[in-house]
Amino acid sequence: MSSAGLLLILAIYVSILFYIAHWAEKKRHSKWTNNPYIYSLSLAVYCTAWTYYGSIGVAADSGLSYLPIYLGPIIIIPTWMIILKKIIRISRVNKISSIADFISLRYGNSRFLGALVTLICVFGILPYISLQLKSISDTFYIVTKTQYSSNIFSDTTTYVCLALALFASYYGTKYVDASEKRRGIVTAVAMESILKLVFFLTIGIYVTYFVFDGFDDIYTKAAVLQDFDKKNSIGDLTNGINWFFLCVLSTFAIFLLPRQFHTAIVENNKETHIRTAIWLFPLYLLLFNLFVFPIAWGGNIMFQGQGLNSDTYSLLIPQHFNNNILTVIVFLGGFSAAISMIIVSSIALATMLSNNFLIPYGFIGALEDKSPDKNRKRIVNSRKIGIFLLIILAYAIYRVFVLDYSLVSIGLVSFVLIAQLAPAFFGALFWKRGSKNGAVVGIVLGFLISLYTLLVPYAIGVTKSTSTFIQNGPWGIELLKPFQLFGLDYLEPIPHAFFWSLLINTIFFLAISVSFSGNYRERNYAEMFVGIDKYITNHENAFVWKGTAYISDIKKVLQRFLGEERTKRALGIFNLKYNIDKNITTADARFIKFAENLLTGHIGTASAKILISSVAKEDKISLPEVLRILEESKENIIINKKLTDTSNELKKISEQLKHANQALINKDIQKDEFLDTVTHELRTPITAIRAATEILHDDDDDIPKEVRKQFLKSIISESDRLNRLIDKILDLEKYETGKQKLYLSKNNISKTIANTLDSVRQLINNKNINVEFNGTEIKAFYDEERIIQVIHNLLSNAIKFCAKTDGKISISVTEKKEVIEVSILNNGPGIKPEDLEPIFDKFYQSRDQNVKKPIGSGLGLAICKQIIEHHKGEIWVESTLQKGVTFSFTLPNYNTTENH
């Protein structure tokens with residue numbers, strides 16, 4: 001493909017990224033840009049051009065040696081639920097925006113330590129960015145079949161570099177608060193992660209199943225190549241130790257690389273997103289490595305003895321078969337892997353340079369007297385310029401130094417340098433005794449050892465066997481040979497440098513921290529970092545500070561960076577959170593910490609401390625007093641938690657009482673209606689009995705014998721009616737007080753239903769109702785008389801409310817594992833949803849019976865419920881308006897002997 005054509009494709013691709021970032025910023029609260037999958041995929045910025053091209057090169061030249069770089073993160077990822085969550089919480093409550101802020105804040109808000117961490121990161125990451133530019137350059141010339149140009153204006157990488165610098169400086173600095181979430185950048189990186197994985201899988205499938213005939217075919221053909229077995233095994237103990245150190249190195253990298261800290265910590269919106277990341281990110285790494293072996297050894301088979309760069313096999317193979325489309329697709333995947341790393345790393349480094357180097361050591365004084373708009377503009381511009389210059393500087397390093405080294409070699413050097421932050425970083429999380437002096441000395445010595453054992457030899461040229469420094473050590477002292485320091489000769493250069501630098505680093509960090517205790521501010525932050533879970537909700541309470549400061553002075557400082565409106569809103573939230581009178585003029589420790597946090601995102605932790613200290617007079621505090629204050633803070637937090645819990649419990653009880661009171665009111669209404677109904681029901685038979693009795697008494701001689709019999713029959717009928725009503729009331733009372741006994745026996749439920757049907761057959765026939773019931777013998781233990789009462793009541797209701805024409809009642813019995821279920825359906829008008837739940841309450845009567853007054857006493861279903869529940873069963877109703885009602889109940893399907 002021509003250079004112009006490929007440049008056009010790149011221009012379109014970068015334009016699409018601009019659009020995605022722009023869209024995501026506008027939709028920053030949308031579920032499409034703020035979800036656990038976008039977060040997890042953004043972590044795949046770990047997979048750079050080193051992964052995309054370099055792993056293939058290592059697999060082709062050294063076999064399985066590429067795996068430790070991915071095994072380390074996969075092994076440590078399950079601990080993210082503890083470690084990463086802790087880091088996120090610390091960073092969120094303290095408005096931390098970079099790893100330099102994180103480490104410097106823990107060790108007493110040290111300006112020097114923040115600057116030192118920044119320089120280590122810049123020194124370690126700039127060559128890594130250069131490596132990405134090298135990969136873009138090398139692969140561009142392969143795809144276009146052109147030669148490298150020494151003229152920067154005819155070098156395509158120059159223009160790619162400028163485009164990336166503009167993109168990153170624009171979208172990476174949209175917010176003056178560096179702790180703000182950059183949804184545009186994160187979404188664009190996530191999309192690139194998807195594309196580079198898809199493109200890599202595409203070339204892997206192509207090589208494995210189209211160029212060759214599957215994995216077995218590649219393995220069979222590669223097995224005959226020289227040193228195949230040796231390269232594709234872990235080897236002896238020596239190789240195992242090298243693997244171990246590389247795994248540990250990559251484990252540190254997944255936490256400490258500035259781009260990983262930025263995507264995993266700074267850009268995290270919810271802690272719950274980690275749950276998705278701990279399975280999706282390892283899966284991503286697994287998929288990425290699935291076809292590394294086939295591509296690498298497929299390339300070795302095809303290009304054996306041709307001396308081609310094995311890093312580029314994924315491009316050379318499709319190009320060999322003149323598959324230009326696939327070649328371009330693979331190139332775009334590598335381009336995505338490179339630019340995502342460049343963009344995120346340059347943003348993270350620029351933030352560190354601004355907040356931990358330029359502002360605290362440069363123009364913090366100039367910021368004190370500027371207006372909010374000018375201060376914000378100056379901070380943002382410093383970051384824009386920082387991002388731009390970092391990428392340009394990386395380009396210069398690429399042009400001058402990086403051209404002669406492989407992708408993996410440069411990447412591992414960066415890993416070793418960044419690993420020097422590990423003792424101080426993890427000590428900040430888990431060890432309260434760690435001190436600033438210990439961290440500084442450890443990092444400096446570790447860096448110097450790395451410089452001596454790795455950087456200097458690489459600068460001289462590791463391939464130069466004539467170098468006396470490399471071969472014999474300085475001044476001929478063999479114990480000081482950079483690749484075999486103190487006689488350690490069985491480690492490869494990278495594990496060797498990592499071992500010695502980290503060993504010296506850790507020893508001095510521990511020794512100095514134990515020997516010389518830090519100041520009270522270090523111990524204060526140590527408690528807050530290690531015990532973050534205790535202070536997460538009221539972390540300002542744990543901040544120890546004594547002195548004199550006025551709210552008005554601090555407010556003026558805040559207004560110079562936040563503006564008047566935002567400052568006013570922030571102070572209002574603070575006063576509300578801690579119930580502070582707005583008329584108070586002096587600031588306490590909580591307010592000092594709150595103010596520092598507000599400034600931290602803008603200018604970094606160290607500069608925030610400097611500005612607040614400029615308007616506050618702080619008194620020195622002894623270490624025992626710090627511990628006493630911290631203990632009091634713990635007690636206050638515990639008391640506040642108990643008060644909060646008590647308040648919530650009282651609210652819950654109050655809500656329950658409110659519902660109970662409403663229920664009592666409803667019951668009272670139901671009781672009144674019930675009494676009204678019962679009074680009516682009692683008065684009716686009594687009135688009829690009295691009337692008939694009076695007639696018989698007064699006109700006994702004149703009444704014909706047949707008429708007298710009719711009156712007597714009426715008296716008996718009304719007496720029975722009165723007796724049944726009283727029985728119902730007494731039955732319900734017995735069930736509710738537990739006085740009612742059940743007499744259980746083994747019975748056939750189908751036979752019980754059939755007998756009950758016979759007792760209401762005349763009513764069914766009178767209304768021309770069709771009854772469906774095909775009972776089979778199903779036995780269970782129950783009190784037959786009481787269950788007949790339940791079925792009779794349900795059948796009576798079904799008959800009463802069945803459709804006036806074409807009435808239908810369907811009865812079914814189902815035998816289940818633990819219960820038998822009886823259902824009685826009628827095709828009546830149905831029951832309103834609001835009546836379904838209270839229909840079994842005593843005194844309750846449906847209002848929808850199409851008559852002026854509800855029919856019945858309202859006790860029938862309440863008694864049914866009591867009977868079924870005393871049998872340890874359940875009863876319920878289901879209804880669809882205009883389609884019918886189904887009453888169902890269950891009885892335990894006992895497979896035991898009779899119980900009485």
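Two strands are said to pair here if DSSP finds at least two bridges between them. Helices (H or I, at least four residues) and strands (E, at least two) are DSSP runs, numbered from the N terminus.

1. Basis of the note. This is a predicted model, in which local features need pLDDT of at least 70 and side-chain atom pairs count only at pLDDT 80 or more, while totals for chains, interfaces and linings use all residues. Residues are numbered from 1 along each chain as its sequence is written, and side-chain values use heavy atoms, with hydrogens and water left out.

2. The chain as a whole. The chain holds 36 helices and 9 strands. Of its 900 residues, 53% are buried; buried means under 20% relative accessible area, exposed over 50%, and partly exposed in between (1.4 Å probe, protein chains only). Contact means heavy atoms within 4.5 Å. Among contacts between residues at least 6 apart in sequence, 80% join residues at least 24 apart.

3. Five strands form an open sheet in the order 4-6-7-9-8, with mixed pairing. Strand 4 (770–772) and strand 8 are the edge strands; each has a single partner strand, so one side of each is left without a neighbour in the sheet. From one strand to the next the twist averages 15 degrees. For angles such as those below, axes are lines fitted to C-alpha atoms, for helices over the stretch in contact, and angles run from 0 to 180 degrees between N-to-C directions.

4. Strands 6 and 7. Strand 6 (residues 808–815) pairs with strand 7 in the antiparallel sense over 7 bridges. The two form a hairpin with 3 residues between them. Within this pair, threonine 814 has glutamate 821 of strand 7 as its bridge partner.

5. Strand 9 and its two partners. On one side, strand 7 (residues 819–826) and strand 9 are antiparallel and share 8 bridges. Glutamate 821 is bridged to threonine 890 of strand 9, and leucine 825 stands opposite threonine 886. Strand 8 (residues 875–880) also pairs with strand 9 in the antiparallel sense, over 6 bridges. There, threonine 880 stands opposite glycine 884 of strand 9.

6. Burial of strand 9. How many residues of strand 9 (residues 884–892) are buried? The count is 9 of the 9, so strand 9 is largely enclosed by the rest of the structure. In a regular strand the side chains alternate between the two faces of the sheet. Both faces of strand 9 are covered: Gly884, Thr886, Ser888, Thr890 and Pro892 are buried on one side, and Val885, Phe887, Phe889 and Leu891 are buried on the other.

7. Helix 36 (residues 860–870) lies across strand 8 and strand 9 and runs at about 30 degrees to strand 9.

8. Helix 32 against helix 34. The axes of helix 32 (residues 749–759) and helix 34 (residues 784–801) come within 9 Å and cross at roughly 55 degrees. The two helices are therefore oblique to each other; angles under 35 degrees count as roughly parallel, over 145 as roughly antiparallel, 65 to 115 as roughly perpendicular and the rest as oblique. Ile749, Thr752, Ile753, Thr756, Leu757 and Ser759 of helix 32 meet Glu784, Ile787, Ile788, Ile791, His792 and Leu795 of helix 34. By class, this contact has 7 nonpolar, 4 polar and 1 charged residues (Ala, Val, Leu, Ile, Met, Phe, Trp, Tyr, Cys and Pro count as nonpolar, Asp, Glu, Lys and Arg as charged, and the others, Gly among them, as polar).

9. Alanine 606. This residue lies in helix 29 (residues 605–614). Alanine 606 is buried, with a relative accessible area of 3%. Not counting residues up to four places away in sequence, alanine 606 touches Asn109 and Arg111. Its C-alpha atom is separated by 7.9 Å from that of asparagine 355, 251 residues apart along the chain.

10. Leucine 836. This residue lies in helix 35 (residues 833–836) and counts as partly exposed at 24% relative accessibility. Leaving aside neighbours within four places in sequence, leucine 836 is in contact with Ile831, Val877 and Ser879. Leucine 836 and glutamate 878 are 42 residues apart in sequence and 7.4 Å apart in space, C-alpha to C-alpha.
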